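User: I've got a model open and a few spots to check. Can you walk me through them?
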Amino acid sequence: MWFKNLQIYRLPVPWEMNVETLEAQLLRGQFKHCGALEAISHGWVSPRPEQNPEALVHVIGGQWLLALETETRLLPSLVVRQETRARAEKIAQEQGFMPGRKALRDLQDQVRDELLPRAFTCRRRTLVWIDPARGWLGVDAASSGKAEEVLEALGNCLDDFPCALLSTRISPASAMTEWLLAGEAPVGFTIDRDCELKSAAGEHSTVRYVRHSLRDETLPEIRAHLEAGKFPTRLALTSDDRLSFVLTDRGEIKRLEFLDVLKEELEGVENAEEIFNAEFALMTGEFVRFLPTLLETLGGEKESA
């Protein structure tokens, strides 16, 4: 059940919320399938339906796991436009002229309402990790937009949800620039083989290094790009030989990979439920160790105004 990405947010330390209250308030936004005329539906589901389909919070060692289910009706806009055009042409043949702009908009709305109930649906699940004692909230989402959907769903359910995006004293872009110019990452981290540099001016030109050594002969080239005004937007790193990831200029953690030295701790665990719980415990334990270290490399947490 390893997370692949981590959008990081802050809660009060500690967050004065208990599991029972959270469960009760999440029920307000429990998942329901899309209605006939709904294009999308969000709602909370059990993170472990095989174990306890009624529980909306899975708890292991003081760490919480939530799951937001999203159901979307697949109705391509091209299909709606084509059907609208076909009906408009038929109307034109009957009345001798094409419908006007307003009539076309009304016709398109009618087509969409007729086709939507017959559209296929797809579902995706977004996992959320909460450490209430240390005030961490992490969303397994590749984009901030998907993470914001989760925060909005939580905000709609909870009486009080004091959550904010993690903010550091040193911007990730500035820190990554310093590391690349120095040719090495801070203590506890190593620079890996992926990097993206982007120009802030003009055409926003981009240089990407993929599975490419960022040392020795490559460093002068990278330094030349940095001195020419480009800045790092993505940099692959490894933390303590246990966790590899890509840090972005927005402070997002992407392409998370938990390395073998960490997964070796699962040896001897065979039951599916035990494996899930052990993986969750190892993963969250690694987050609890890793995030403060990352914060330190970025100058610490910026105090809220």
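Analyst: Start with the side chain of Ser 46: one of its polar atoms lies 3.1 Å from the backbone oxygen of Ala 55. A polar contact here is a pair of N or O atoms within 3.5 Å; within protein, one must be able to donate a hydrogen and the other to accept it, and residues adjacent in sequence count only if both atoms are side-chain atoms. This is a predicted model: local features need pLDDT of at least 70, side-chain atom pairs count only at pLDDT 80 or more, and totals for chains, interfaces and linings use all residues. Residues are numbered from 1 along each chain as its sequence is written, and side-chain values use heavy atoms, with hydrogens and water left out.

User: Which backbone nitrogen does the side chain of Ser 46 reach?
Analyst: That of Arg 48, at 3.2 Å.

User: Is Ser 46 buried or exposed?
Analyst: Buried, because its relative accessible area is 4%. The cut-offs are under 20% for buried, over 50% for exposed, and partly exposed in between (1.4 Å probe, protein chains only).

User: New topic. How many disulfides?
Analyst: The count is zero. A disulfide needs a pair of cysteine sulfur atoms within 2.5 Å.

User: What about Val 13, buried or exposed?
Analyst: Exposed, with a relative accessible area of 56%. Its C-alpha is 5.4 Å from that of Arg 134, 121 residues apart along the chain.
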